[in-house]
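Work through each task before reading its solution.

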Amino acid sequence: MKKIVTVVGARPQFIKAAPVRKALRGVVHEVLVHTGQHHDPGLSDVFFEQLHLGRPDHHLGVGSGPHGRQTGRMLEALEEVLEQERPEAVLVYGDTNSTLAGALAAAKMRIPVVHVEAGVRSFNFGMPEEQNRVLVDRLSDLLLVPTLSALEQLEQEGVPGRITWIGDVMLDALLGVQPGLDPAGAWAGRGTKRRIVVTLHRAENVDDPVRLLALLEAVEALARGGWVVIWPVHPRARVRAEAAGMAARLAHLTCPPLDYFAMLSAVAGADVVVTDSGGLQKEAAYLEVPCVTLRTETEWPETLVLGLNRLVSPDPEATLAERLLAVLESLPSSQDLPWERFAVAAGSGKASERLVQALGELWA
């Protein structure tokens, strides 16, 4: 049986790894490595438990830190793991520092790299995630893409690896847990007003005190405007708010991070999602909830083309609260949007099966 090392380190990767791990069982010997990039229990341990990932075979305990130092520590530790395990391939997900470190460690040791969610682009090279995506795609031997736009992008770039469309494994994960979600319970006791889920975590939004204040004021305006808000505060946003003297105002609007089931239940029961997350844009679409993304670009252009998602610049100089409220009021009715087209384009929940098939073809 072939051996593959899977490198994960952040919440979205734990989610994506769950259906793939299930599909690989009995076909490939998978060694799971957790870099420790997300080390807060609310963003790490609870996901391993809920998604039945089991204990990682290796936990590197890297933790947080500046990008270079964090990636360097991961790279050093991963080289030791790969020397010990000697796999036939290394599988990485998405666009985090864990993704880049896993791909670099494998490529330098001439171990084939498999990149799940390859070809995704925001075209904002100032984003660390975009830097990681582009570099990992150049290092990869097998590029597994979630969308047709990602497939076309890699063909245009002329990457040297084998490109295969499989769909989105995050949809596989969501469909696996959807029957157990409790949308009504997530909003119990919160009244019957319009319901909105908010998440903010990107450095460009929460690290700048001026921009963070503008975003906080925008959410306060939503609450005053008749929206019931669920805002699971990211540890990064909480720390930055405390440093900027905004902790009390933030606490008034937010709740602690939610586990996977609780978060999806809240989204499923919401009227709209407001976020700067890449993954939540897709999860909202899969749950047929309109999304407003507080960024100037998205990795998922299909959500814009189909009208499932709107972009709002988080520029604090231009009346963010007024612009956000205006966009929310202009959103079309959910029943008028083509949700099924997006799900079909994302593989209809069969991406993990296609991934296993693509691995077999790589090794044939």
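**Exercise 1: the cavity**

Task: state how much space lies in the largest cavity, and find its lining.

Solution. The largest cavity holds about 40 Å³ of space. The model is predicted: local features need pLDDT of at least 70, side-chain atom pairs count only at pLDDT 80 or more, and totals for chains, interfaces and linings use all residues. Residues are numbered from 1 along each chain as its sequence is written, and side-chain values use heavy atoms, with hydrogens and water left out.

On a 1 Å grid over the protein atoms alone, a cavity is a set of points where a 1.4 Å probe fits but cannot get out; a pocket is an open set with protein on both sides within 12 Å along at least five of seven lines; lining residues have an atom within 4 Å of a point. A volume is the space filled by probe spheres set on the points, which are joined across faces, edges and corners. The structure has 1 cavity of 30 Å³ or more. The lining of the largest cavity includes Lys 16, Glu 117, Pro 146 and Asp 168. By class, this lining has 6 nonpolar, 1 polar and 3 charged residues (nonpolar: Ala, Val, Leu, Ile, Met, Phe, Trp, Tyr, Cys and Pro; charged: Asp, Glu, Lys and Arg; polar: the others, Gly among them).

**Exercise 2: the second largest pocket**

Task: describe the second largest pocket by volume and lining.

Solution. The volume is about 470 Å³. The lining has 21 residues, and Ala 18, Pro 19, Lys 22, Asp 172 and Gly 176 lie nearest the centre of the pocket. Helix 1 (11–24), helix 7 (169–177) and helix 18 (351–363) each give at least two lining residues (helices are DSSP runs of H or I with at least four residues, strands are runs of E with at least two, both numbered from the N terminus). The lining divides into 9 nonpolar, 6 polar and 6 charged residues.

**Exercise 3: an aromatic pair**

Task: how is the ring pair of Tyr 286 and Phe 342 classified?

Solution. Rings of Phe, Tyr and Trp (its six-membered ring) pair if their centres lie within 6.5 Å; planes under 30 degrees apart count as stacked, over 60 as edge-to-face and the rest as tilted. The count is 3 aromatic pairs. For Tyr 286 and Phe 342 the centres are 5.2 Å apart and the planes at 25°, so the pair is stacked. Tyr 286 lies in helix 14 (278–286) and Phe 342 in helix 17 (339–345), so the pair ties together parts 56 residues apart in sequence.
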